[in-house]
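Please open the model in a viewer and keep the sequence beside it. The stops below say what to select and what is there.

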Amino acid sequence: MPFNLPIALTWLRIAMIPLIVALYYIPVSWMPETVRDAVGAAFFIVAALTDWFDGWLARRWNQTSSFGAFLDPVADKLMVCAALLILLNLDRVDAFIALIIIGREITISALREWMAKIGASGSVAVHRLGKFKTAAQMVAIPCLLYWQPLYGIPTDLVGQALIVVAAVLTVWSMCYYLKRAWPEIRNRTGQS
């Protein structure tokens with residue numbers, strides 16, 4: 001297993017997940033909710049920035065690896081799913097939206113694994129639609145975690161609007177990837 005700065009940043013992102021979750025188990029008498037929400041949003045933003053930064057560094061320094069290519073999306077999915085479960089518990093995101101996003105992540109991860117196994121991973125490579133979905137999520141989630149006005153901007157409303165956009169893009173991108181994979185699925189299963 002290679003170890004370099006991009007992979008270290010990915011591991012840092014994974015290590016931050018239990019820290020973010022633990023914040024929401026701290027009694028209010030120890031930390032007021034507004035402070036907790038601000039710290040949780042800040043931690044999520046730092047973790048999201050490591051997602052961008054580790055990929056940029058890996059490409060720039062030519063330190064890409066198959067392990068890094070595996071670990072990075074796993075870290076992203078764990079981070080998003082953990083945050084959605086926190087938001088669901090806080091009643092800041094609708095259960096249907098959380099189910100759509102988490103279900104899509106599981107479905108596309110399984111699809112990509114299967115397509116890689118049959119040597120057709122290129123047909124489900126990351127598309128800009130998936131990148132737009134990720135961007136919408138990565139802005140919506142800290143807004144929903146923060147949940148209070150910031151410089152007059154109602155982050156709760158911004159987060160709620162963007163998480164709906166993310167859910168729509170989630171379904172759209174899942175349909176796109178399934179459509180791209182369908183010829184291989186049909187050929188392998190004998191379906192027409």
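The tour goes from the whole chain to single side chains.

This is a predicted model, in which local features need pLDDT of at least 70 and side-chain atom pairs count only at pLDDT 80 or more, while totals for chains, interfaces and linings use all residues. Residues are numbered from 1 along each chain as its sequence is written, and side-chain values use heavy atoms, with hydrogens and water left out.

**Whole chain**

Show the protein chain as a cartoon. There are six helices and zero strands, where helices (H or I, at least four residues) and strands (E, at least two) are DSSP runs numbered from the N terminus. Read along the sequence, the pattern is α-α-α-α-α-α. The radius of gyration is 18 Å, close to the 16 Å that the globule rule gives for 192 residues, so the chain is as compact as a globular protein of that length. That radius is taken over C-alpha atoms, and the rule is 2.2 Å times the number of residues to the power 0.38. The C-alpha trace spans about 60 × 40 × 25 Å along its principal axes.

Next, colour by accessibility. Of the 192 residues, 42% count as buried; buried means under 20% relative accessible area, exposed over 50%, and partly exposed in between (1.4 Å probe, protein chains only).

Select residues 33-60, which make up helix α2 and include tryptophan 52. Is tryptophan 52 buried or exposed? It counts as exposed, because its relative accessibility is 54%. Rings of Phe, Tyr and Trp (its six-membered ring) pair if their centres lie within 6.5 Å; planes under 30 degrees apart count as stacked, over 60 as edge-to-face and the rest as tilted.

Trp52, Phe53 and Trp56 also form a nonpolar patch on the surface, with about 330 Å² of accessible area together. Patches are made of residues with over 30% relative accessible area and no salt bridge, like charges being joined within 9 Å and nonpolar side chains (Val, Leu, Ile, Met, Phe, Trp, Tyr) within 5 Å. Accessible areas come from the Shrake-Rupley method with a 1.4 Å probe, and for residues only the protein chains shown count as cover.

**Salt bridges**

The structure holds nine salt bridges, each a side-chain nitrogen of Lys or Arg within 4 Å of a carboxyl oxygen of Asp or Glu. Select arginine 13 and aspartate 51, whose closest N and O atoms are 3.7 Å apart in a salt bridge. Arginine 13 lies in helix α1 (residues 5-23) and aspartate 51 in helix α2, so the pair ties together parts that are 38 residues apart in sequence. Both arginine 13 and aspartate 51 are buried.

Now select aspartate 37, which forms a salt bridge with arginine 36 at 2.9 Å between the closest N and O atoms. A salt bridge also joins aspartate 37 to arginine 92 (2.8 Å, N to O). Aspartate 37 is in helix α2 and arginine 92 in the loop between α3 (66-89) and α4 (95-117), so this pair ties together parts that are 55 residues apart in sequence. Arginine 92 is buried, with a relative accessible area of 9%. Elsewhere, salt bridges that share partners join Arg13, Asp51, Asp54, Asp72 and Asp76 into one network.

**Tyrosine pair**

The whole structure has four aromatic pairs. For one of them, select tyrosine 176 and tyrosine 177: their ring centres are 5.5 Å apart and their planes at 70°, so the pair is edge-to-face. Tyrosine 176 is partly exposed at 24% relative accessible area, whereas tyrosine 177 counts as buried at 1%.
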